[in-house]
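Reader: I would like to learn how to read a model like this one, feature by feature. Could you walk me through it?

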Amino acid sequence: MTNRLLTHLRHVDLAVPDYDKQLDFYAGVWGLTKVAEDSGISFLAAEGSPEQYIVRLRKAEEKRLDLISYGAANLAHVDTLAEQLLAGGVRLISQPGKVDTPGGGYGFRFFDIDGRTIEVSADVEARRHRRIEEKESIPVRLSHVVLNSPDINATRAWYEQHLGFRLSDTMTLPHMGDVMHFMRISNQHHSMAIASGPYASLQHLSFEMRGIDEYMRGSGRVMRSGARKIWGPGRHMAGDNTFTYFLDPHGNTVEYTTELERLDEDTWHPHIYDLTKPENADQWGTSNPMNEMVAKEMLNDVDRGIFVAPPV
């Protein structure tokens, strides 16, 4: 397995046709801060995060996932990862070099097994951020991203082999087998999860809140805005985190969460959770049931911007 060279999730970049409506949602209802904008591209930060931005929006004719960005500890790790990916036959989009987005840095881009664009960077200037106060119901940071894949075991193996991810837990259904793998690059239970779907797409983005009260206040604000709530509030078994899921104006699923589990990586052994047991989806039993309707909405649209990469 590749030595772990990634440190954390930086940002996720989305393209949307109705740019103004999407920007109003994320910079208003959802609680992010617009820190830069230029010619139909906006950069949105979380007040509690040192990342320059955690969501980038781009005006485009078609909705798509532009890229997912991860951090590396230093420039040498960026170069090492690029060399290892090339040696492993992974298709690079760009060679390591200067990053021309807020905060600068040094990085490169490549395709994953499902054709998504992934970016890895280091030496990005930290944004001046602040402590989120009690009852302040805005995101602290970007928590994790969940991806739909038509072959979750192949996608899991690719991320383990090439990017050093490790498996934390798996959810299963008796008639389907594995339906979700939770993957980590630190002691955080997951920075990414891979869900079973008929095609590659973005399943959801998750944003961490300060605590339970702030999570509930934020969930209530979004509900009152008229945004569609599809699942929650509740508390997952895998990761032990809270959840409320909504649809943004373009049908992307977004989640408020808090208290995602931190693991002792030296002693952790992955669990297998059977989703026919409702407590494995929601320990509290407070959410609406996870059913086919909820799962279908989380499939999202076919992402026509994804390059279909050959298996690696």
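Reader: Where is the place of Trp284?

Author: Secondary structure comes first: helices (H or I, at least four residues) and strands (E, at least two) are DSSP runs, numbered from the N terminus. Trp284 sits in the loop between strand E17 (271-274) and helix H5 (292-298). Please keep in mind that this is a predicted model, where local features need pLDDT of at least 70, side-chain atom pairs count only at pLDDT 80 or more, and totals for chains, interfaces and linings use all residues. Residues are numbered from 1 along each chain as its sequence is written, and side-chain values use heavy atoms, with hydrogens and water left out.

Reader: What about phi: which value does Asp123 have?

Author: Asp123 has a positive phi of about 60 degrees, although it is not a glycine. Asp123 is placed in the loop between strand E8 (117-122) and strand E9 (141-149). Its relative accessibility is 56%, so Asp123 counts as exposed. Lys135, also not a glycine, has a positive phi near 70 degrees, and Lys135 is found in the loop between E8 and E9.

Reader: Which residues does Gly103 touch?

Author: Asp123 is one of them: leaving out residues up to four places away in sequence, Gly103 touches Gln52, Asp123, Val124 and Glu125. The C-alpha atoms of Gly103 and Glu125 are 4.6 Å apart, while the two residues are 22 apart in sequence. Gly103 lies in the loop between strand E6 (97-98) and strand E7 (106-111). With a relative accessible area of 22%, Gly103 is partly exposed.

Reader: Now a strand residue, please. Is Ile68 buried or exposed?

Author: Ile68 is buried, because its relative accessibility is 0%. Ile68 is part of strand E5 (residues 64-72). Its contacts, residues up to four places away in sequence aside, include Leu9, His11, Arg116, Ile118, Val145 and Leu147. For His11 the C-alpha separation is 6.2 Å, across 57 residues along the chain.

Reader: And how does Ser168 look: buried or exposed?

Author: Ser168 has a relative accessible area of 0%, so it is buried. You will find Ser168 in strand E10 (residues 166-173). Beyond residues up to four places away in sequence, Ser168 touches Phe182, Arg184, His189, Leu263, Trp268, Pro270 and His271. Phe182 is 14 residues from Ser168 in sequence, with 5.4 Å between their C-alpha atoms.

Reader: How should I think about nonpolar cores?

Author: In soluble globular proteins, nonpolar side chains tend to be buried together. A nonpolar core is a set of buried Ala, Val, Leu, Ile, Met, Phe, Trp, Tyr and Cys residues joined through side-chain atoms within 4.5 Å. The largest one here has 56 residues, and Tyr26, Trp30, Tyr70, Phe110, Val145 and Phe207 touch the most other members. Apart from this core lies another, of 10 residues, among them Val146, Val179, Phe182 and Ala193. Neighbours within four places aside, contacts of Trp30 include Phe25, Pro139, Phe207, Arg221 and Tyr256.

Reader: What does the protein chain look like as a whole, in helices and strands?

Author: The protein chain has five helices and 17 strands. Of its 312 residues, 55% count as buried. Among contacts with a separation of 6 or more, 68% join residues 24 or more positions apart. The C-alpha atoms fill a box of roughly 50 × 45 × 40 Å along the principal axes.

How values were computed:
Buried means under 20% relative accessible area, exposed over 50%, partly exposed in between (1.4 Å probe, protein chains only). Contact means heavy atoms within 4.5 Å.
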